[in-house]
Amino acid sequence: MEIKINVNPLPVKQGDFRYSNINSRYGVNTLYFTKDGKPYLPVAGELHFSRLPSECWRHELLKMKDCGLNMVSTYVFWNFHEEKKGQFDFSGDNDIAAFLGICREIDMPCILRIGPWDHGEVVRGGFPRRINRMPGKRKNDTAYLKEVEDFWIGLYNEVAEFLDGETVVGIQLENEYTGSTEHIRTLRRLAEKIGFKTPFFTMTAWPSNQPDDEFLPMVGGYPDGPWNMGKKALKPNNRFAIMPGRTEAEIGDDLIKNNKAAKDDAYKFIPYACCETGPGNQVTQHRRPYISEKDGYGVGFAKFASGCNWLGYYMFHGGRNPIGRFMQESRITGYPNNYPVIDYDFQAPISRYGECRAHGDLLRLMHLFARYFDTQICEKQAYFPRWKSTDPNDISFLKCSVRCDENLSGYFFASTYEKGLKYNDFGNVSVTLHAEEKRLVLPAIHVKAGAMFFYPFNMDIGGVHFDYILAQPIAKFEQNGETVCWFTACEGIKPRYSVDGTAADIPVDDSGVLIGNVRIIVLPANKAKKLHITDGKIFFCEGTVYSDNGIVCCEKKQNADFKDEIRFTRCEKVSLPHGYYLYSHGKRQYYALQIEPRIFDDCFDVELAFDFSALNLQVFSGKTLINDYFNIDGHFTMRLREYRNYIKKGPLIIRTVERTKFGIGNVYQEIMPDKRKTHLILRHTYKIVPEKINNSNKNSAD
């Protein structure tokens, strides 16, 4: 297969952007962002402070930093903080000032999504009841704007000291807005009158897809659409495609009708920024897509390959809704979808309990590349071959791109992955780049079906000019007089390099090969996923890693026999409330979970792993619903630390319900579990133990 790509760079200009109302370290031009005048690639991940126990905010933010994120974004849900007029709650898990204080302390800038309407699968989009009843809501209505002003003044009083251009670096106004941008301009003027200062005011680009110079337009895309009303697997729709277009029509279509993707030239001179690139999905009652490792990695990879220069993930860290308040969006509250009452795990790269998943490991490698291998990647524009068609089912051609500079030095990206499609291998793929009088031919390669990768070409590293290196870069640093470059093997491609036309293989091991004073080390994929760079050091660890004040810890799961501390038995029917939220008329089963409080004496947390064959479950302490779960893949996992106070009160009761052939119990489930008489079986118990990493096992990455 021969592929031709014309490299015709667009001029990079300062642009007439008015995103900021404060002098800060951050800047922007028509292509990329800057920090202290240097090219800068923001990598932001969503974590909702009010959906996590405040005691774990610090470590969870540090885990996101380990995954290569340099910003956190978070919603401020109005009805979490002021359900009743004038009665503000910024305490406990709602303490936004404490959360921002941690962000400042660990150098994790924050984007606040302050609404006033947020969505986020929260009832009424975050509106208090009284606001939702207002006929003038989400409009330039005087009474509505006065309510917004009062809430924002209360919020401002909490966050004012962090509006320093360093801690809060972005403010998103509204969300998925269907009306005129003039209303969002009105909201900005109101926020500025109150005192909100920020380097960036942002807005979601969909559904209007009409850029406005006062707001950085943020785009998105998800690996699936659980909000879709159908009960069959979704048809492919280029969700994972490397492509010139930035926006897509599916996002938000549960609430937005006739949402249309923008024309390619609408954002021609606007920096490519995302706020809702989905590395996961929240399941609904009627749709339960399973987010695999490639699903969770693929959308972000495709956006990066397509030239995205602000990677923003929703959600990067899962969470849960507050117990006792029933804040979830549901059909009973007038919305089209039913969601779990408590669970908001989102199948995110970092789970609601703080465990880094496989797609989190893959995304970390891509983020480390942008920080430790090529800090100028955002200056390299993306170029594409001419697509043969836009039919999502057309697998006759390779979805690929290059990101390179005017000297044709850069990276080739390729993907043959699309959820629901089975590509064939592409043999003897030959790529030729054309730029005015320049021409460059990349090495012929065999691209395996299902692969996603990129490799560098025509690049100077450590004084050596490489024609290409057929491996995916992760990091480079100076060590003992050598430029040491860490790579991972591209799926299905034998690692090779070429210098001055002479090619040679690269061993896949820890020692690598030395070319001049450049050492190329290519790791197998499984080992590369254990690579971490923390506090300027590179090391390998299997588990979830974070670094706090120079101490590097790895949270590991250890098999544990808790036969004296845990008793799990099936029991007789227990009278419990909230049966409606099981969303099925199928047969119920009941289980008692008795846990001795001493179980936490010698470990940080305890994990229970169940086989789960039914549809949904709820966990109760007495009559209080403390957890729930919609079955996704035949498993249910629960960590116990955040339920310590409930465990002290006595046994927990778990209620399960079967699926049914008809009605609300009839759902689409991508992975259907085996049907068993016993819905829930406790298979494994684990201790979660943070282990300190020995500094002597780390290599300098400075």
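Start by selecting Trp152: setting aside neighbours within four places in sequence, you'll find Trp152 in contact (heavy atoms within 4.5 Å) with Ile114, Gly115, Pro116, Leu173, Leu187, Leu190, Ala191, Ile194 and Phe196. Before you go on, bear in mind that this is a predicted model, in which local features need pLDDT of at least 70 and side-chain atom pairs count only at pLDDT 80 or more, while totals for chains, interfaces and linings use all residues. Residues are numbered from 1 along each chain as its sequence is written, and side-chain values use heavy atoms, with hydrogens and water left out.

Helices (H or I, at least four residues) and strands (E, at least two) are DSSP runs, numbered from the N terminus.

**The salt bridges**

How many salt bridges are there? The count comes to 51, taking a side-chain nitrogen of Lys or Arg within 4 Å of a carboxyl oxygen of Asp or Glu.

Lys193 sits in helix H6 (residues 181-194), and the two partners are 44 residues apart. Is each end buried or exposed? Buried means under 20% relative accessible area, exposed over 50%, and partly exposed in between (1.4 Å probe, protein chains only). Lys193 is exposed at 58%, whereas Glu149 is buried at 16%.

Next, select Glu670 and Lys419, whose side chains meet in a salt bridge of 3.1 Å, N to O. Glu670 is in the loop between strands S41 (668-669) and S42 (680-692) and Lys419 in the loop between S18 (410-415) and S19 (426-435), so this pair ties together parts 251 residues apart in sequence. Glu670 is partly exposed at 32%; Lys419 is buried at 11%.

For a last stop, select Glu82, Lys85, Arg130, Lys146, Glu147 and Asp150, which salt bridges with shared partners join into one network.
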